[in-house]
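Please open the structure in your viewer and keep the selection tool at hand. The tour moves from a whole chain to a pair of chains, and then to a single residue.

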Protein chains: 2
Amino acid sequence: MSLSFSIAATDGPARLGTITTPHGEIETPVFMPVGTLGSVKGVPQHLLEELGVQIILGNTYHLYLRPGHEAIREMGGLHRFMSWDRSILTDSGGFQVFSLNELRKVSEHGVEFRSHLDGSSHFFTPERSMEIQIALGADIVMAFDECTEHPAGRARARESLEMTSRWARRSKEYFEAHKHEVPWAFRIRKKKTQDVSTPVSRAGESAREPSSAQPDKSSGVGRDVGDETQSLFGIVQGGMYSDLRRESAERLLELDFPGYAIGGLSVGEPRELTREIIASTLPLLPKDKPRYVMGVGYPEEIVEYAAMGVDMMDCVLPTRAARHGLLFTSEGRMNIKNARYVRDQQPADSKCACMVCARYTRAYLRHLFVSGEPLAAVLNTIHNLSHYLDTMRSVRHAIKLGELRAKLSEATPVTEQTS
Amino acid sequence: MSLSFSIAATDGPARLGTITTPHGEIETPVFMPVGTLGSVKGVPQHLLEELGVQIILGNTYHLYLRPGHEAIREMGGLHRFMSWDRSILTDSGGFQVFSLNELRKVSEHGVEFRSHLDGSSHFFTPERSMEIQIALGADIVMAFDECTEHPAGRARARESLEMTSRWARRSKEYFEAHKHEVPWAFRIRKKKTQDVSTPVSRAGESAREPSSAQPDKSSGVGRDVGDETQSLFGIVQGGMYSDLRRESAERLLELDFPGYAIGGLSVGEPRELTREIIASTLPLLPKDKPRYVMGVGYPEEIVEYAAMGVDMMDCVLPTRAARHGLLFTSEGRMNIKNARYVRDQQPADSKCACMVCARYTRAYLRHLFVSGEPLAAVLNTIHNLSHYLDTMRSVRHAIKLGELRAKLSEATPVTEQTS
């Protein structure tokens, strides 16, 4: 098995589960921090580990442009390149490419686009996206889809979902034919046959001993040697039309993916509509497979979606907001640059146990931010990620206890705190 | 005693020593990382601790402007403000103010200058510098001096050193009259009378219990309660004239400072001249007190100066260079953005044991830098600081063994490595 999903408890539609990939276990519902270019911006990998991050997301479009998927493949894949031995998921590149607007041209074959860096011309197809994602070597990769714009009329949304369906089939066919080319396949096999526990090694040593020095923490005892590859998830599209979402889901299910994502949300639609589409689409997806809603959300949203039965979510919000001085706390959102914090000796969040709240005051965080100190982004990001991860931890705990409904009623306020 | 200095071993003119301040011990010769605005740029305080940093430098000019010394005083001083319970040294503001060139006007009374931030007008005098530095509360503070420009004729250098001498006396007089106003005096006294060992406390708790929660790690058992204040060092000026340096030193010695700095170097003069001035000035300073050369230098320079008998040095070089992609290694300097590192799987420095070299490759560091990732500055800075601190560790070890001369002959190459 390249991916397994087990459900330990349920609470209404919400599920407490464990996804196991070739690089370890992921407790679900999970929030996945975004590491666009092979780095969660500003946070060293060992601090992500200390935060308890079990999976991060990488962006295929960005990594394809810099440093390039061939370079990453030759260096052993993204895990080894960035020295991250836990799980990784890559998006298909579709969302970023479709965000380029003026710089792209879509056809049945694929998408021609120009690099946002130098204007150079590139072409992504489902096959190319798979080739790149196999080279990057994330544990979970995504089918190449067209992220339908919002608003889109019914005819346009149908046309788009139908192309996404055809692209899903092409993605799957290419992936199945090439999935054993993943750069770490040999490392994982060798590791399991040797059954060694290799400590984190020096970068230089892993270069000299490429086949064994990578600290892949697979817990794959008992699984078939040589049967570990990446896993490809399909993506439901269909715009803001529930019946089209159903059609999209049905066509994807024919392809039998090990997990399913709901894409095409957080594209400017009202939050209530996001919720409606998630609510109407989730029951169409297999109960025994992970369900992933892409690109969400605020803390109160990820709690709500988890309660609806979503297992995986990702969003740039906690990391990007941190770099703009917006902190998420148990009492709401906090603009740390606000003058009222200038001599505030409290931690950002008095209920937070993160290393930032344990050590630094609001006054200091404000000073760092308004002074343009690089440490501001580092500390703010660590706090926001900690808040998101703690939120998901408490959701998992509530599911276990069957108390998620009670938790929802005491949701984090969305307005800025006034204390 | 507010500062003690003991020498455990010597090797030629070099000394292996320990400076003890109200916030702990400092092994010398020491390199002090610069934390201009209350942060060593990009590095969280707990990582500085893990690196073994025992003292950092803060810049009076910058902290005076942001967040302001009164704000820092009210928040308990710089140690508490930035949550750094080891030693701190602040400069006098003189060097920064004199660097403003067009924006300053010097008189016997002091220096009028305009803020580089908003052009607002300010006036620094020796008394004002002391007032600010007492509010900041560093363990070691510096007399307000005029940093003589280079080149300067003999008459100009003499005139300048004479003013620095008069300012040193005024600094000392103000300091002695006000030194008990340091914001942590009460905390230190209370801590000693209680003889409690307070663990690192939450930011919020220290705000609620200002008198005991600050984790000041003074090892002052047996010293007189209430006798702990900051310590004021004098600064030798005199331009590039050895006889004027002698005159400056002699006039400072009359004031009996607990430590002496050699200032006015690294102002554009050739390195050989820097060395000559240090060599001719050091013998004029008391052997039983710390000797500090301000604003130096490259790794090979700090080794050389330590061998000449310098106990303390500081420089922005390792931190600033890191942000520009320049790494210091055992094999020389490395521009990590160089294309030759694009797939280089070695650590930045194969002889370095730092957390960066233990985990990341040159290829990854290069990718982070050329992609503008914030993590680049974080990791590069950690490595460079580690290199500087390791360099000083090995110097101290060599002094202990009486092998410093041998170490000098195998000094780090200064050219970029070619491996």
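Among contacts in chain A between residues at least 6 apart in sequence, what percentage join residues at least 24 apart? In this predicted model, the share of those contacts that join residues at least 24 apart is 70%.

Begin by selecting chain A and colouring it by secondary structure, where you can look for 17 helices and 16 strands. Of the 419 residues in chain A, 62% count as buried.

Next, display chain A together with chain B. A rotation of 180°, with 0.0 Å of shift along its axis, superposes chain A on chain B with an RMSD of 0.0 Å, and that is the relation of a two-fold axis. To find where chain A comes nearest to the axis, select Pro374(A), whose C-alpha is 3.9 Å from it. The same surface serves both copies, since 100% of the contact residues of chain A recur in chain B.

Now move to chain B and select Ala138(B), which you will find in the loop between α6 (126-136) and β10 (140-142). Is Ala138(B) buried or exposed? Its relative accessibility is 0%, so Ala138(B) counts as buried.

Leaving aside neighbours within four places in sequence, the residues in contact with Ala138(B) include Ile88(B), His79(B), Trp184(B) and Gln230(B).

Methods. Residues are numbered from 1 along each chain as its sequence is written. Chains are lettered from A and ligands numbered from 1 in the order in which they are written. This is a predicted model: local features need pLDDT of at least 70, side-chain atom pairs count only at pLDDT 80 or more; totals for chains, interfaces and linings use all residues. Side-chain values use heavy atoms; hydrogens and water are left out. Helices (H or I, at least four residues) and strands (E, at least two) are DSSP runs, numbered from the N terminus. Buried means under 20% relative accessible area, exposed over 50%, partly exposed in between (1.4 Å probe, protein chains only). Contact means heavy atoms within 4.5 Å. Copies are superposed by least squares on the C-alpha atoms of residues with pLDDT of at least 70 in both.
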